[in-house]
Amino acid sequence: MALLMEHQFRQLSADRQVETRPFLDAVSYLPLFFDCLGPTIFAPIKVDLIGNITKIKAVYDTNPGRYKTLQQLLEAEKEMCGSEWPRVGATLALMWLKRSLKFIQIFLQSLVDGEKDQSNPNLMRVNITKGYDVALKRYHGWFVQQLFKAALYAAPYKSDFLKALSKGRDVKEEECLEKIRKFLINFSANIDAVYDIYSRMNADLDYKV
């Protein structure tokens with residue numbers, strides 16, 4: 001479980017503001033998460049994740065003081081871009097990034113909640129499908145949805161996935177799941193806060209790719 005626990009997300013302050021630099025530092029390690037699911041089959045989501053992180057970081061680096069929090073970043077882009085916002089820059093990149101992060105959140109939460117295929121408990125199709133259905137499916141057209149279905153059947157067994165998250169070490173399943181529970185506390189709080197920002201600012205776009 002080292003992959004997740006070594007790069008924890010920061011606990012939010014009382015005002016639930018998400019600081020941009022710590023957020024970007026934490027999410028920068030998550031592309032490795034998709035290698036644990038399958039370096040080839042989940043490559044499109046990984047590539048999308050990396051691309052969106054890069055775009056947000058590029059904007060942040062132009063003025064770290066002004067973009068200290070994600071909300072300040074979105075507010076600044078809204079002011080600068082006018083009618084083109086929110087379909088521009090870091091705002092658009094973060095919109096798609098949060099959806100990939102929500103996929104991870106729902107998938108991991110489903111694992112620790114013990115949801116499984118009763119006929120084969122070592123499969124993760126139930127968990128992965130739940131994450132996809134909640135976070136990504138509505139934004140994907142028919143072709144992309146078919147690609148996901150194909151990837152689903154090539155997903156690793158839960159035991160192999162947990163071992164990969166633990167960087168190859170043999171660990172007990174319950175110990176792994178308990179560490180995932182701890183990781184999810186701050187991770188979920190950050191993701192939920194980002195979703196709240198988009199809701200308050202009416203910044204989400206509902207279109208398919």
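Analyst: Start with burial. A residue counts as buried when its relative accessible area is under 20%, and as exposed when that area is over 50%. Keep in mind that this is a predicted model.

User: Which residues of α7 are buried?

Analyst: In α7 they are Asn127, Ile128, Gly131, Tyr132 and Ala135. Seen down the axis of α7, these buried residues fall within an arc of 130 degrees, so they line one face of the helix.

User: What covers the buried residues of α7?

Analyst: The cover includes α3 (31-37), α6 and α8.

User: Take α8, then. How do I read its packing against α7?

Analyst: Look at distance, angle and hand. The axes of α7 (residues 125-135) and α8 (residues 142-152) come within 11 Å and cross at roughly 160 degrees. An angle over 145 degrees counts as roughly antiparallel, and that makes α7 roughly antiparallel to α8. Their crossing is right-handed.

User: Which residues meet there?

Analyst: From α7 come Arg125, Ile128, Thr129 and Tyr132. They meet Val144, Gln145, Phe148 and Leu152 of α8.

User: Phe143 also lies in α8. Is Phe143 buried or exposed?

Analyst: Exposed. Phe143 has a relative accessible area of 56%. In general, nonpolar side chains in soluble globular proteins tend to be buried together.

User: Where is the largest nonpolar core, in terms of residues?

Analyst: That core has 67 residues. Phe23, Phe33, Leu37, Phe103, Leu108, Ile128 and Phe161 touch the most other members. Helix α6 (residues 89-112) gives the most to this core, with 13 residues.

User: Let me follow Phe161. What does Phe161 touch?

Analyst: Leave out residues up to four places away in sequence. Phe161 then touches Phe33, Cys36, Leu37, Phe107, Leu108, Leu111, Met124 and Pro156.

User: Which residues of α9 are buried?

Analyst: In α9 (residues 158-165), Phe161 is buried along with Lys158, Leu162 and Leu165. Seen down the axis of α9, the buried residues fall within an arc of 95 degrees, so they line one face of the helix. Just after α9, Lys167 takes a positive phi of about 60 degrees.

User: How does α9 pack against α10?

Analyst: α9 and α10 (residues 173-200) have axes 11 Å apart, at an angle of about 60 degrees. The two helices are therefore oblique to each other. Their crossing is left-handed. Lys158, Leu162 and Leu165 of α9 meet Glu173, Cys176 and Ile180 of α10.

User: One more pair for practice: α2 and α4. What is the angle between α2 and α4?

Analyst: About 150 degrees, for α2 (residues 20-27) and α4 (residues 43-62), with their axes 11 Å apart. That makes α2 roughly antiparallel to α4. α2 passes α4 in a left-handed crossing. In the contact, Thr20, Arg21, Leu24 and Val27 of α2 meet Ile53, Ile56, Lys57, Tyr60 and Asp61 of α4.

Methods
Residues are numbered from 1 along each chain as its sequence is written. This is a predicted model: local features need pLDDT of at least 70, side-chain atom pairs count only at pLDDT 80 or more; totals for chains, interfaces and linings use all residues. Side-chain values use heavy atoms; hydrogens and water are left out. Buried means under 20% relative accessible area, exposed over 50%, partly exposed in between (1.4 Å probe, protein chains only). Helices (H or I, at least four residues) and strands (E, at least two) are DSSP runs, numbered from the N terminus. The arc is that of the directions from the helix axis to the C-beta atoms. A nonpolar core is a set of buried Ala, Val, Leu, Ile, Met, Phe, Trp, Tyr and Cys residues joined through side-chain atoms within 4.5 Å. Contact means heavy atoms within 4.5 Å. Axes are lines fitted to C-alpha atoms, for helices over the stretch in contact, and angles run from 0 to 180 degrees between N-to-C directions. Angles under 35 degrees count as roughly parallel, over 145 as roughly antiparallel, 65 to 115 as roughly perpendicular and the rest as oblique. A crossing is left-handed if the near helix is turned anticlockwise from the far one by less than a right angle, and right-handed if clockwise.
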